[in-house]
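Grab your viewer and work through these exercises on pockets, rings and charges. Each one gives a task, then a solution in steps.

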Amino acid sequence: MDTETMKLRVARPTRSLAQVVRFYQEGLGFEVLGGFEDHAGFDGVMLGHRGAPYHLEFTVERGHAAPSAPSEENLLVFYIPERAAWEARVRRMQTAGFSPVRSRNPYWDVHGKTFEDPDGYRVVLYQRAWAL
């Protein structure tokens with residue numbers, strides 16, 4: 001597998017496209033990278049950071065209500081090694097009107113803050129370097 005050229009798209013349905021876009025755009029600083037309307041009955045928006053090897057896609061299927069998050073453990077975890085950068089991102093989320101929630105798994109609360117998007121999916125801003 002060529003990991004140098006491999007890219008990741010995380011795609012999921014949403015009940016409230018505009019509110020989810022606001023959460024990721026205003027709260028996390030993602031950019032709208034693209035979008036579409038009525039593509040075989042689906043509307044969608046792609047969000048991410050230009051040049052990053054990943055982006056998120058949120059879709060609404062016309063005439064269909066998307067389910068909420070199946071559990072509080074459906075997480076996107078962003079590792080932010082520098083404390084000042086982590087604090088700035090947490091502040092940005094709070095300034096945008098999003099308050100941290102207690103993680104179901106207390107591990108994430110030790111060095112992180114968890115935020116819940118309008119569909120109940122959670123994002124962890126974790127103040128540590130990523131390592132396996």
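**Exercise 1. Classify Glu116 by its relative accessible area, then work out which partner its side chain meets in a salt bridge.**

Solution. 
- Step 1: Glu116 has a relative accessible area of 34% in this predicted model. Buried needs under 20% and exposed needs over 50%, so a value in between is partly exposed. Glu116 is therefore partly exposed.
- Step 2: The partner is Arg122, with 2.9 Å from N to O.
- Step 3: Run the partner through the cut-off too: Arg122 comes in at 6%, so it counts as buried.
- Step 4: Now zoom out. Glu116 and Arg122 belong to a salt-bridge network that also takes in Glu72 and Arg104.

**Exercise 2. Find the salt-bridge partner of Arg12 and say which parts of the chain the pair ties together.**

Solution. 
- Step 1: The partner is Asp119, and the closest N and O atoms are 3.0 Å apart.
- Step 2: Arg12 is in strand E1, while Asp119 is in the loop between strand E6 (112–116) and E7, so the bridge ties together parts 107 residues apart in sequence.
- Step 3: Check burial. Arg12 has a relative accessible area of 11%, so it is buried, and Asp119 at 3% counts as buried as well.
- Step 4: Look at what else Arg12 does: its charged end sits over the ring of Tyr121, 3.9 Å from the ring centre.

**Exercise 3. Locate the salt bridge between Arg22 and Glu26 and describe how the two are spaced.**

Solution. 
- Step 1: Their side chains meet at 3.1 Å, N to O.
- Step 2: Both residues lie in helix H1 (residues 17–27), four residues apart, or about one turn of the helix.
- Step 3: Arg22 has 33% relative accessible area, so it is partly exposed; Glu26, at 41%, is partly exposed too.
- Step 4: For context, searching the whole structure turns up 11 salt bridges.

**Exercise 4. Sort the ring pairs of Tyr107 into stacked or edge-to-face.**

Solution. 
- Step 1: The overall count is 10 aromatic pairs.
- Step 2: With Trp108, the centres are 5.0 Å apart and the planes sit at 80 degrees; that is over 60, so call it edge-to-face.
- Step 3: With Tyr126, you get 5.6 Å centre to centre and 20 degrees between planes, which is stacked.
- Step 4: Accessibility next: Tyr107 is partly exposed at 45%, Trp108 is buried at 11%, and Tyr126 is buried at 3%.
- Step 5: Elsewhere, ring pairs join Phe23, Tyr24, Phe30, Tyr54, Phe58, Phe78 and Phe98 into a cluster.

**Exercise 5. Characterise the largest pocket by volume, lining and contributing strands.**

Solution. 
- Step 1: The volume is about 270 Å³.
- Step 2: Strands E1 (8–13), E4 (54–61) and E5 (75–79) each supply at least two lining residues. E5 gives the most, with four.
- Step 3: The lining includes Met6, Lys7, Val10, Tyr54, Phe78 and Trp130.
- Step 4: Lys is a charged type, and Lys7 is among the lining residues.

Key: Residues are numbered from 1 along each chain as its sequence is written. This is a predicted model: local features need pLDDT of at least 70, side-chain atom pairs count only at pLDDT 80 or more; totals for chains, interfaces and linings use all residues. Side-chain values use heavy atoms; hydrogens and water are left out. On a 1 Å grid over the protein atoms alone, a cavity is a set of points where a 1.4 Å probe fits but cannot get out, and a pocket is an open set with protein on both sides within 12 Å along at least five of seven lines; lining residues have an atom within 4 Å of a point. Grid points are joined across faces, edges and corners, and a volume is the space filled by probe spheres set on the points. Rings of Phe, Tyr and Trp (its six-membered ring) pair if their centres lie within 6.5 Å; planes under 30 degrees apart count as stacked, over 60 as edge-to-face and the rest as tilted. Buried means under 20% relative accessible area, exposed over 50%, partly exposed in between (1.4 Å probe, protein chains only). A charge sits over a ring if NZ of Lys or CZ of Arg is within 6 Å of the ring centre and within 35 degrees of the ring normal. A salt bridge is a side-chain nitrogen of Lys or Arg within 4 Å of a carboxyl oxygen of Asp or Glu.
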